[in-house]
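Here is a short briefing on a structure that may be new to you. Start with the display, then read the points by topic.

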Amino acid sequence: MLSSENTFLHGIHPPDFKALTCDLPIQRLPFAPQLLIPLSQHAGKPSISLVKAGDEVVRGQPIAKADGFFSVPQHAPASGRIKSIQLMPSARGPKVETIIMEVFAADTQEQGYDFKHDMQDTNSEQLIQYVQDSGMVGLGGAAFPTHVKLKPPPEHQVDTLVANGCECEPYLTCDHRLMLEQPDNLLKGIRLLKKALQIDKAIIGIEDNKLDAVEVIQKHIKSDDQIEVKAVKTKYPQGAEKMLIHALLGRDVPPGNFPSSVGVSVFNVGTLTQLGELLPLGRGVIERVVTVSGNAVQRPGNYLVPIGTPIDFLLKYVGLEDKAYEVILGGPMMGMSIASLDVPVTKAMSGMLVMQKQSQQHPIQPCIRCGYCLDACPMMLNPSILGLLARSGDYEQMQKYYHLNDCFECGCCTYVCPAQIPLIQYFRIAKSSNLNNRQKSTT
Amino acid sequence: MSKFKLIPNLSSSPHVRLGISVNQIMYQVIYALLPICAYAIYAFGLSVLLLIVCCVIVSILTESLFCKLARKSNTIADGSVIITGILLALCLPPGFPLWMAAVAAFISVALGKVLFGGLGYNVFNPALVGRAFVQAAFPSAIVTWTPPFLSGRFTELIPSTMTMPFMKPIAIDNWLSIKQTAMQSTAQVVDAFTGATPLALQKFEQIPTPWQDLLSGTVAGSSGETSAIIIVLCGLYLAVKKMLDWRIPVGVILGALCLSLPLWLWGDVLTDQPNYPNPLFVLFSGGLMLGAVFMASDMVSSPLTSRAVWIYAIFIGVLTVLIRFFGGLNEGVMYAILLANALVPLLSSISGTSVFGSGKK
């Protein structure tokens with residue numbers, strides 16, 4: 001096995017710009033007059049609405065239920081009146097069914113839906129149900145329903161829970177702030193999920209540019225916790241599941257497999273912190289911490305934002321520079337730029353960056369086979385030849401011989417490419433074309 | 001409120017870039033070649049300056065012409081064609097007639113580069129394509145060498161430089177002997193005062209040249225290949241800047257050593273040919289260093305994957321020594337690199353990368 005000195009092979013070191021926000025405490029954002037709650041803001045089946053236009057809802061009340069196991073419910077992020085349920089644009093582009101509600105301006109916005117579960121007597125099965133009821137998804141950006149990860153396939157024996165506190169994307173600091181400000185909730189969440197997974201061991205992996213968080217968490221760990229905090233080297237994409245597992249445990253997840261195949265379950269620290277707070281109270285996910293940053297924002301910071309807040313409202317609150325050019329949801333490496341400011345903040349949105357136009361833009365040139373992308377790819381792929389094949393439209397060959405589907409679009413290859421070839425964009429097109437073809441051939 | 005009428009622009013992730021461009025890489029290579037050019041001019045005089053200028057200008061003109069013919073935007077700004085011109089000049093003899101150099105430069109760019117589709121698509125190192133062409137076309141001019149550090153080299157040209165186009169090069173034997181007498185009278189005694197290169201001396205007359213002379217470059221040879229030490233230093237600069245794959249020069253040297261070392265030690269036992277040269281002589285003589293550092297490592301025509309790179313580099317080293325020791329020519333770097341270039345697609349197809357987690361290395 002390759003040596004796993006708290007890091008992984010390849011990867012890049014982009015400037016991180018975290019100093020813009022890493023010292024700013026989490027601050028609550030006011031309620032927008034109107035909230036948009038998409039019924040599909042997670043991987044899996046969309047939720048089924050429980051409300052209709054005109055209904056009055058209380059903050060925290062479930063307004064949509066899960067459609068089967070691979071789905072999650074939605075909760076009202078504020079007290080207010082349902083205005084309508086209609087198709088609205090999503091960040092990804094296609095329109096999705098969305099509950100639109102008007103917030104009662106004068107309301108105290110107390111949470112009215114507490115259950116006070118007794119966490120001592122719950123068993124694994126009940127806990128997993130509570131997690132699903134909370135509507136929790138991977139808050140790191142994947143939006144994968146958390147309770148699904150708590151039920152690994154029976155042939156996989158999970159023995160370790162990994163809490164992902166790497167936050168390797170530049171600019172983002174929301175997880176860093178959560179670890180500093182709410183270490184107790186984080187540890188509570190880890191203990192609960194250990195119980196749900198019926199395992200003892202947990203490791204928190206944090207990049208070594210956040211040693212203050214390592215220190216704070218270490219102080220809060222109890223002696224019988226069996227929770228370990230490990231600093232890993234700061235390198236992008238250290239926060240990718242496979243890279244983190246390699247760095248912490250020296251285990252390599254085989255291509256096309258989930259982490260549970262090597263006995264690991266990975267959760268983002270933001271997810272765990274919220275679960276630690278929500279589960280004992282039986283509450284649902286109605287807000288999240290979003291890092292608002294970038295070089296065209298007047299008041300960058302870490303904001304506690306109600307789910308469903310329109311980006312437009314958030315932008316007005318933080319203030320824009322005149323040179324604002326592009327709005328990116330997520331981090332600069334994997335986030336997506338949005339075409340419409342009417343899209344809402346969703347559960348998996350960890351950051352919003354407003355950027356100026358890049359001052360120095362080189363033209364796209366032919367591949368000179370410099371090999372920088374091969375030295376950057378953490379999955380050991382050959383992005384150069386994948387790019388050439390994509391240019392000639394050989395999408396099937398990319399998958400058959402060059403492992404296209406093992407690319408998780410971290411963006412390292414495109415970041416280093418001196419020819420400015422939009423490799424990741426090519427790969428996305430190739431993947432979706434392959435998917436379409438496969439679906440066509442099965443029907 | 002209306003102040004926030006932002007119409008966002010769209011782009012695909014990642015939204016940040018390292019900020020290095022192809023042009024920057026190419027210009028770094030050019031900068032790294034400049035000390036070698038400077039030493040070549042210092043050692044051989046004005047003729048080499050003209051040779052370099054001629055090769056670079058003709059290369060640039062050729063690429064411009066073909067861009068125009070293909071109705072493409074002009075690509076000379078990327079700097080790669082300047083590298084081709086400089087490298088070509090550096091691997092030609094100092095007194096090479098300028099019109100022949102112009103032919104070589106035209107062939108380099110036209111046949112070696114633009115016909116394949118321009119930068120990034122050429123299979124062979126363009127400079128070596130031109131060099132191989134003139135080696136076949138002008139067999140005597142390409143082996144007409146001049147010793148370095150001739151008196152008056154900064155005030156007069158080597159006579160053959162200014163040969164009329166399509167004429168045979170002016171013979172320089174007489175000119176050389178006049179120089180020799182002049183320099184001997186001023187007590188500047190130079191060892192082995194002939195135009196012959198160390199490799200030719202070794203192969204055809206079994207006269208060894210001390211490898212220390214090869215390091216510093218006080219011998220005859222192609223204009224840019226004589227000082228191994230400057231070439232290595234320039235290569236180190238590029239390798240540190242990650243604009244040169246260090247594995248290629250190292251592999252070429254390893255390849256050359258693994259054949260020349262056993263032959264030097266036990267050559268009389270292994271073969272019927274005694275007196276194999278010192279491996280250090282093999283490394284520092286001829287174009288091996290220039291080829292290993294600047295030509296074999298050409299990004300476009302060398303392989304990408306780690307395994308393929310090692311095979312490619314070691315193959316060049318071994319083949320060079322094979323040609324030098326057992327072939328008809330005394331120099332083999334050029335053909336070794338060209339042959340290895342031709343192997344690159346094959347090497348690439350048989351040595352892929354091992355995907356993370358696949359358990360292979």
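**Briefing: interface and aromatic pairs**

Chain A and chain B bury about 4,600 Å² between them, with 61% of it on carbon and sulfur atoms. A:Ile368, A:Arg369 and A:Tyr415 supply 16% of the area that chain A buries against chain B, more than any other three residues. The model is predicted.

**Contacts between the chains**

- The contact involves 58 residues of chain A and 44 residues of chain B.
- There are zero salt bridges between chain A and chain B.
- Polar contacts join 19 residue pairs between the two chains, both residues at pLDDT 80 or more.

**The chain A side**

- Elements of chain A that give two or more residues to the side touching chain B include α6 (241–249), β15 (324–329) and α13 (423–442).
- The largest share of that side, five residues, comes from β15(A).
- The residues on that side divide into 34 nonpolar, 17 polar and seven charged.

**Aromatic pairs**

- The count over all chains is 13 aromatic pairs.
- B:Tyr42 and B:Phe149 form an edge-to-face pair, because their planes stand at 70°, over the 60 degrees required. Their ring centres are 5.5 Å apart.
- B:Tyr42 sits in helix α1 (residues 22–44) of chain B, and B:Phe149 lies 107 residues apart from it, in the loop between α5 (126–137) and α6 (173–185).
- B:Tyr42 is partly exposed at 45% relative accessible area. B:Phe149 is also partly exposed, at 24%.
- Ring pairs link B:Tyr39, B:Tyr42 and B:Phe149 into a cluster.
- B:Tyr276 and B:Phe325 make a tilted pair, 5.2 Å centre to centre with 40° between the planes. Both residues are buried.

Notes. Residues numbered from 1 in each chain as written. Chains lettered and ligands numbered in written order. Predicted model: local features only at pLDDT ≥ 70, side-chain atom pairs only at ≥ 80, totals over all residues. Heavy atoms only, no water. Contact = heavy atoms within 4.5 Å. Buried area = accessible area lost by both parts, 1.4 Å probe. Salt bridge = Lys/Arg side-chain N within 4 Å of Asp/Glu carboxyl O. Polar contact = N/O pair within 3.5 Å; in protein donor to acceptor, adjacent residues only side chain to side chain. Helix = DSSP H or I, 4+ residues; strand = E, 2+ residues; numbered from the N terminus. Nonpolar A, V, L, I, M, F, W, Y, C, P; charged D, E, K, R; others polar. Phe/Tyr/Trp six-rings, centres within 6.5 Å; stacked < 30°, edge-to-face > 60°. Buried < 20%, exposed > 50% of the residue type's maximum accessible area, 1.4 Å probe, protein only.
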